[in-house]
Amino acid sequence: MTGTTSWVAWRAKYARGAAVFKPCPVAWQPQFRALHHDAMAELSAEDRVAIGELLASYCYAIDLGRWETLPQLFTDDCRLDFGATMGVHEGREGLRAFTDSLRAASIRMRHYLTNVVIAGDGERARAESYVLAFVGEPGALHQTTGRYEDELVKRGGRWAIRVRRAVIELPPT
(Lines give C-alpha, C1' and ligand atoms only; values in the text may rest on other atoms or scores of the structure.)
Protein backbone atom coordinates (compact mmCIF):
# COMPACT_ATOMS: atom_id res chain seq x y z
CA MET A 1 0.00 0.00 0.00
CA THR A 2 1.21 3.42 -0.78
CA GLY A 3 0.08 6.77 0.50
CA THR A 4 -2.14 7.74 3.38
CA THR A 5 -5.35 7.24 1.41
CA SER A 6 -4.63 3.55 0.81
CA TRP A 7 -3.79 2.94 4.46
CA VAL A 8 -6.89 4.79 5.65
CA ALA A 9 -9.12 2.90 3.21
CA TRP A 10 -7.59 -0.46 4.19
CA ARG A 11 -7.94 0.28 7.89
CA ALA A 12 -11.55 1.45 7.50
CA LYS A 13 -12.46 -1.64 5.50
CA TYR A 14 -10.96 -4.14 7.93
CA ALA A 15 -11.91 -2.27 11.10
CA ARG A 16 -15.57 -2.67 10.08
CA GLY A 17 -15.12 -6.42 9.96
CA ALA A 18 -15.14 -6.75 6.16
CA ALA A 19 -12.50 -9.45 6.43
CA VAL A 20 -13.85 -12.79 7.58
CA PHE A 21 -11.34 -15.25 8.94
CA LYS A 22 -12.56 -18.80 9.20
CA PRO A 23 -11.17 -21.26 11.71
CA CYS A 24 -8.59 -23.69 10.45
CA PRO A 25 -10.18 -27.15 10.12
CA VAL A 26 -7.06 -29.11 11.10
CA ALA A 27 -6.96 -31.63 13.91
CA TRP A 28 -4.87 -29.49 16.26
CA GLN A 29 -7.29 -26.58 16.26
CA PRO A 30 -7.69 -25.39 19.86
CA GLN A 31 -10.61 -26.63 21.90
CA PHE A 32 -10.06 -23.78 24.38
CA ARG A 33 -12.58 -21.03 23.80
CA ALA A 34 -11.31 -17.67 22.60
CA LEU A 35 -10.47 -15.18 25.28
CA HIS A 36 -12.87 -12.28 25.64
CA HIS A 37 -10.79 -9.22 24.90
CA ASP A 38 -13.52 -6.93 26.28
CA ALA A 39 -12.43 -8.07 29.74
CA MET A 40 -8.77 -7.35 29.07
CA ALA A 41 -9.05 -3.73 30.20
CA GLU A 42 -10.20 -4.90 33.63
CA LEU A 43 -6.81 -6.41 34.53
CA SER A 44 -4.28 -3.94 35.85
CA ALA A 45 -0.74 -3.73 34.52
CA GLU A 46 0.42 -5.13 37.87
CA ASP A 47 -1.89 -8.13 37.48
CA ARG A 48 -0.60 -8.77 33.96
CA VAL A 49 3.03 -8.66 35.11
CA ALA A 50 2.26 -10.91 38.08
CA ILE A 51 0.50 -13.45 35.85
CA GLY A 52 3.37 -13.38 33.34
CA GLU A 53 5.86 -14.02 36.14
CA LEU A 54 3.67 -16.83 37.51
CA LEU A 55 3.65 -18.57 34.13
CA ALA A 56 7.42 -18.13 33.75
CA SER A 57 8.01 -19.34 37.32
CA TYR A 58 6.36 -22.65 36.43
CA CYS A 59 8.88 -23.13 33.61
CA TYR A 60 11.83 -22.27 35.84
CA ALA A 61 10.58 -24.60 38.61
CA ILE A 62 10.31 -27.55 36.21
CA ASP A 63 13.48 -26.80 34.24
CA LEU A 64 15.73 -26.10 37.21
CA GLY A 65 14.30 -28.67 39.60
CA ARG A 66 12.89 -26.10 42.00
CA TRP A 67 10.39 -28.63 43.29
CA GLU A 68 9.64 -26.73 46.50
CA THR A 69 8.49 -23.74 44.40
CA LEU A 70 5.96 -25.64 42.29
CA PRO A 71 3.16 -26.01 44.92
CA GLN A 72 3.26 -22.25 45.59
CA LEU A 73 2.20 -21.61 41.99
CA PHE A 74 -1.08 -23.57 42.22
CA THR A 75 -4.31 -23.44 44.21
CA ASP A 76 -5.18 -26.24 46.62
CA ASP A 77 -7.94 -27.40 44.25
CA CYS A 78 -5.76 -27.28 41.14
CA ARG A 79 -6.09 -29.49 38.09
CA LEU A 80 -3.22 -30.25 35.71
CA ASP A 81 -4.30 -31.92 32.50
CA PHE A 82 -1.50 -33.22 30.30
CA GLY A 83 -3.75 -35.61 28.41
CA ALA A 84 -2.38 -38.97 27.33
CA THR A 85 1.21 -37.73 27.60
CA MET A 86 1.40 -37.23 31.37
CA GLY A 87 -2.14 -37.71 32.67
CA VAL A 88 -4.45 -35.61 34.82
CA HIS A 89 -3.44 -34.55 38.33
CA GLU A 90 -5.84 -32.95 40.80
CA GLY A 91 -5.37 -31.18 44.11
CA ARG A 92 -2.27 -31.11 46.29
CA GLU A 93 -1.86 -34.89 46.16
CA GLY A 94 -2.03 -34.88 42.37
CA LEU A 95 0.45 -32.03 42.19
CA ARG A 96 2.80 -33.93 44.50
CA ALA A 97 2.54 -37.06 42.33
CA PHE A 98 3.20 -34.97 39.20
CA THR A 99 6.25 -33.38 40.82
CA ASP A 100 7.55 -36.73 42.10
CA SER A 101 7.25 -38.29 38.63
CA LEU A 102 9.20 -35.44 37.04
CA ARG A 103 11.87 -35.56 39.73
CA ALA A 104 12.25 -39.34 39.36
CA ALA A 105 12.47 -39.16 35.56
CA SER A 106 15.72 -37.16 35.76
CA ILE A 107 15.24 -35.80 32.26
CA ARG A 108 16.31 -32.35 31.25
CA MET A 109 13.73 -29.80 30.16
CA ARG A 110 13.81 -26.24 28.93
CA HIS A 111 10.48 -24.46 28.42
CA TYR A 112 9.98 -21.25 26.44
CA LEU A 113 6.62 -19.44 26.54
CA THR A 114 5.53 -17.06 23.83
CA ASN A 115 2.43 -15.26 22.53
CA VAL A 116 0.92 -15.05 26.01
CA VAL A 117 -2.60 -13.59 25.93
CA ILE A 118 -4.38 -12.84 29.20
CA ALA A 119 -7.99 -11.83 29.83
CA GLY A 120 -9.98 -11.49 33.01
CA ASP A 121 -10.92 -9.23 35.84
CA GLY A 122 -9.07 -8.45 39.04
CA GLU A 123 -9.88 -11.83 40.64
CA ARG A 124 -10.03 -14.38 37.80
CA ALA A 125 -8.18 -14.67 34.51
CA ARG A 126 -7.52 -16.99 31.63
CA ALA A 127 -4.24 -17.18 29.78
CA GLU A 128 -3.23 -18.88 26.57
CA SER A 129 0.37 -19.30 25.52
CA TYR A 130 2.47 -21.27 23.12
CA VAL A 131 5.17 -23.42 24.63
CA LEU A 132 8.33 -24.70 23.02
CA ALA A 133 10.06 -27.30 25.15
CA PHE A 134 13.27 -29.24 24.74
CA VAL A 135 12.99 -32.53 26.57
CA GLY A 136 15.22 -35.55 26.98
CA GLU A 137 18.33 -37.01 28.43
CA PRO A 138 21.35 -34.74 28.78
CA GLY A 139 22.98 -34.53 25.36
CA ALA A 140 19.89 -35.75 23.50
CA LEU A 141 17.15 -33.12 23.79
CA HIS A 142 14.13 -33.26 21.48
CA GLN A 143 11.81 -30.41 20.56
CA THR A 144 8.16 -30.41 21.60
CA THR A 145 5.57 -27.73 20.89
CA GLY A 146 2.16 -27.06 22.30
CA ARG A 147 -0.05 -24.68 24.22
CA TYR A 148 -0.91 -23.96 27.81
CA GLU A 149 -4.51 -23.04 28.53
CA ASP A 150 -4.68 -21.71 32.07
CA GLU A 151 -7.37 -20.59 34.47
CA LEU A 152 -5.97 -18.37 37.19
CA VAL A 153 -7.35 -16.93 40.40
CA LYS A 154 -6.17 -14.22 42.73
CA ARG A 155 -6.36 -15.16 46.39
CA GLY A 156 -4.91 -13.10 49.18
CA GLY A 157 -3.45 -10.67 46.65
CA ARG A 158 -1.51 -13.44 44.86
CA TRP A 159 -2.21 -15.06 41.49
CA ALA A 160 -2.18 -18.86 41.25
CA ILE A 161 -2.91 -21.45 38.58
CA ARG A 162 -6.18 -23.26 39.23
CA VAL A 163 -6.35 -25.23 35.96
CA ARG A 164 -3.58 -25.90 33.49
CA ARG A 165 -4.35 -27.78 30.31
CA ALA A 166 -1.30 -28.64 28.26
CA VAL A 167 -1.96 -29.41 24.63
CA ILE A 168 1.04 -31.23 23.22
CA GLU A 169 1.05 -30.69 19.46
CA LEU A 170 4.38 -32.13 18.42
CA PRO A 171 5.55 -35.00 20.62
CA PRO A 172 9.25 -35.63 21.11
CA THR A 173 10.74 -37.95 18.52
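Predicted model: local features only at pLDDT ≥ 70, side-chain atom pairs only at ≥ 80, totals over all residues.

Biologist: Okay, how many residues does helix α2 have, and how far does it reach?

Modeller: Helix α2 covers residues 45-63, so to speak 19 residues, and reaches 27 Å from its first C-alpha to its last. That is close to the 27 Å expected at 1.5 Å a residue.

Biologist: Which residues of α2 are buried?

Modeller: They are D47, I51, L54, L55, Y58, C59, A61, I62 and D63.

Biologist: What follows α2?

Modeller: G65 does, and its phi is positive, near 65°.

Biologist: Switching to the strands, in which sense do β3 and β4 pair?

Modeller: Antiparallel, over 11 bridges, with β3 at residues 108-120 and β4 at residues 124-137. The two strands form a hairpin, and 3 residues sit between them.

Biologist: Which residue in β4 is the bridge partner of V117?

Modeller: That's E128.

Biologist: What about H111, buried or exposed?

Modeller: H111 lies in strand β3, and it counts as buried because its relative accessible area is 12%, where buried means under 20%.

Biologist: Which side chain does H111 make a polar contact with?

Modeller: The side chain of D63, at 2.6 Å. D63 is also one of the buried residues of α2.

Biologist: What else is H111 in contact with?

Modeller: Leaving aside neighbours within four places in sequence, H111 contacts C59, I62, D63, V131, L132, A133 and Y148.

Biologist: Last one: where is A166, and what does it touch?

Modeller: A166 is in strand β6. Not counting residues up to four places away in sequence, A166 touches D81, F82, R147 and Y148. Y148 is also among the contacts of H111.

Biologist: Why does A166 count as buried?

Modeller: Because its relative accessibility is 8%, and buried means under 20%.

Biologist: And how far is A166 from Y130?

Modeller: Their C-alpha atoms are separated by 9.8 Å, and the two residues are 36 residues apart along the chain.

Note on methods. Residues numbered from 1 in each chain as written. Heavy atoms only, no water. Pairing = 2+ DSSP bridges. Helix = DSSP H or I, 4+ residues; strand = E, 2+ residues; numbered from the N terminus. Expected span 1.5 Å × (residues − 1). Buried < 20%, exposed > 50% of the residue type's maximum accessible area, 1.4 Å probe, protein only. Polar contact = N/O pair within 3.5 Å; in protein donor to acceptor, adjacent residues only side chain to side chain. Contact = heavy atoms within 4.5 Å.
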